[in-house]
Amino acid sequence: MFSWLGKQGGGRERGGAGSDVVQTVTGGLRDLYLRKLLPLEEHYRFHDFHSPALEEADFENKPMVLLVGQYSTGKTTFIRYLLEQDFPGMRIGPEPTTDSFIAVMYGDSEGNVPGNALVVDPKKPFRKLSRFGNAFLNRFMCSQLPNEVLKSISIIDSPGILSGEKQRISRGYDFCQVLQWFAERVDRIILLFDAHKLDISDEFSEAIKSFRGQDDKIRVVLNKADQVDTQQLMRVYGALMWSLGKVIDTPEVLRVYIGSFWAHPLRNTENRRLFEAEAQDLFRDIQSLPQKAAVRKLNDLIKRARLAKVHAYIISYLKKEMPSVFGKENKKKELISRLPEIYIQLQREYHISAGDFPEVKKMQELLETCDFTKFHSLKPKLIEAVDNMLANKIASLMSLISQEESNMPTEMVHGGAFDGTMAGPFGHGYGEGVKEGADEDEWVVAKDKPAYDEIFYTLSPINGKISGISAKKEMVTSKLPNSVLGKIWKLADCDGDGMLDDEEFALAKHLIKIKLDGYELPGTLPSHLVPPSHRKPLQTAE
């Protein structure tokens, strides 16, 4: 359940107060886990039922992004789009090409590390994947390359999902269990869909269900959206939301990013502005992962601790109910069949939310092979240690994280496609809305001022100015709410005299147009929008 970042490549390894805080947070979490939570997990065999014990690399790894989708939805192409370069082991094609899990990570030189070597490397967070056996390890590899994006995040490419039972059987390992293992440790799960391929196969449905409890990490990308027109895109989007609603059991609507994520010309350009805005939103979400990594560490530790507590209550209850001599096997069968009732009983007794309990069917299957007589009775001291951690220790770490955020500059993912939209004329929103005319010598409002002047002089100006009442009569025709019009008035009344001259009125009309076009208003008036007659003359040094 960990998706953590201790030391990152790049900025985190610099010295200073911020770096010390990062080490304190990471060290504090590791210490809490080893001293408070791990003893409870080991005593009640938590690792046999849920998640393996955490290791050093689980606390130190960079944020990870997991890509999941059916074949030919553009997962590998999406990675290449972000990195803006090929990576070792990359194969792209319309047929199912990626048949392995590929961890794309930073390295000083390009190369591949096979799965069997990867799971014995203590510096990589993959050691516990060895339990899935050679069938999986032969289809797992790490692709290393020197890339600026990978200094901040790692990306996990997964095999394309096919429909049909044959695909599931031929893998030789439990595909959904592997996905669940990764889901518990990554920071973001991106589900990719093709605009022409919205059906969710049985295996894809099972894969999505394996992400239960990780709903906050899931994002959806509707890729290749430039291959349909606007009307078709609306239908495709509706169909996708309907399909997702059947397999993702959450009241919240998932965030869906629409676009065409590859470096080729758009086939249909009528939605270009939408695609640019969606890509920018997705980039911002991924770029923020290093900044939010410390909070994610803490959140995952709390989730793990709550599950470990519930597990301890379940195991100790089963131990308590077992007879000492005769009828052990029959009692075991009875307890397994009564597990849903036992859950309800424990919820009432210990005031635990139903959402904290593991899935009943999975727990029943795991309990079938267990000897209940070897379970341990409830040890209040172990529970108290975890309760103390949740009630007190976590709060102090939260304050350290707040200190980290205030002491360190905002960390973002840089390089690759992320730098292409940062600044310059091709940055998202450049030259639009309030930013229009920012790099021009002429006042941008001037081109529409003759039309605005005609309206201005119908409002009976006195001494070249109109009153607030006269301006209001015209401004309310925009049908914008008073709160917005009030802000526009404040921005347009440059000299603060409660009246508008012809330039200020033209500015007010320009700001109304900006808002009606769907752009946001600025907090303060940018210098390029200040009317020429209200600009302060530049002072030259004598």
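The count of salt bridges comes to 34, a salt bridge being a side-chain nitrogen of Lys or Arg within 4 Å of a carboxyl oxygen of Asp or Glu. Side chains of opposite charge can pair when their charged atoms come close. The model is predicted: local features need pLDDT of at least 70, side-chain atom pairs count only at pLDDT 80 or more, and totals for chains, interfaces and linings use all residues. Residues are numbered from 1 along each chain as its sequence is written, and side-chain values use heavy atoms, with hydrogens and water left out.

Three of these pairs are listed here.

| Salt bridge | N to O distance |
|---|---|
| Glu-55 and Lys-128 | 3.9 Å |
| Lys-224 and Asp-194 | 3.4 Å |
| Lys-465 and Asp-495 | 3.2 Å |

Glu-55 and Lys-128 meet in a salt bridge. The pair links distant parts of the chain, 73 residues apart: Glu-55 is in the loop between helix 2 and helix 3 (56–60), Lys-128 in the loop between helix 5 and helix 6. Helices (H or I, at least four residues) and strands (E, at least two) are DSSP runs, numbered from the N terminus. Glu-55 is partly exposed at 24% relative accessibility, and Lys-128 is partly exposed at 27%. Buried means under 20% relative accessible area, exposed over 50%, and partly exposed in between (1.4 Å probe, protein chains only).

Lys-224 forms a salt bridge with Asp-194. Lys-224 lies in the loop between strand 7 (218–223) and helix 10 (230–247), and Asp-194 in strand 6 (residues 188–194), so the pair ties together parts 30 residues apart in sequence. Asp-194 is buried, with a relative accessible area of 6%.

Lys-465 and Asp-495 also pair in a salt bridge. Lys-465 sits in strand 9 (residues 465–467) and Asp-495 in the loop between helix 20 (482–492) and strand 10 (499–501), so parts 30 residues apart in sequence are tied together. Asp-495 is partly exposed at 37%. Elsewhere, salt bridges that share partners join Arg-255, Glu-278, Asp-281 and Arg-284 into one network.

Two lysines are buried. Lys-124, in the loop between helix 5 (115–118) and helix 6 (133–137), has a relative accessible area of 14%, so it counts as buried. Leaving out residues up to four places away in sequence, Lys-124 touches Ala-57, Met-105, Leu-118, Cys-142 and Gln-144, where contact means heavy atoms within 4.5 Å. Lys-309 belongs to helix 12 (residues 289–321) and is buried at 18%. Beyond its neighbours within four places in sequence, Lys-309 contacts Leu-40, Ile-383, Val-386 and Asp-387.

Two residues other than glycine have positive phi. Arg-45 has phi near 55°. Arg-45 lies in the loop between helix 1 (17–43) and helix 2 (46–49), partly exposed at 31%. Ser-72 has phi near 60° and is placed in the loop between strand 1 (64–69) and helix 4 (75–83).

Ala-354 is in the loop between helix 14 (339–350) and helix 15, partly exposed at 47%. Its C-alpha atom is separated by 7.9 Å from that of Tyr-343, 11 residues apart along the chain.

For the chain as a whole, there are 21 helices and 10 strands. Buried residues make up 51% of the 542 residues. Among contacts between residues at least 6 apart in sequence, 79% join residues at least 24 apart.
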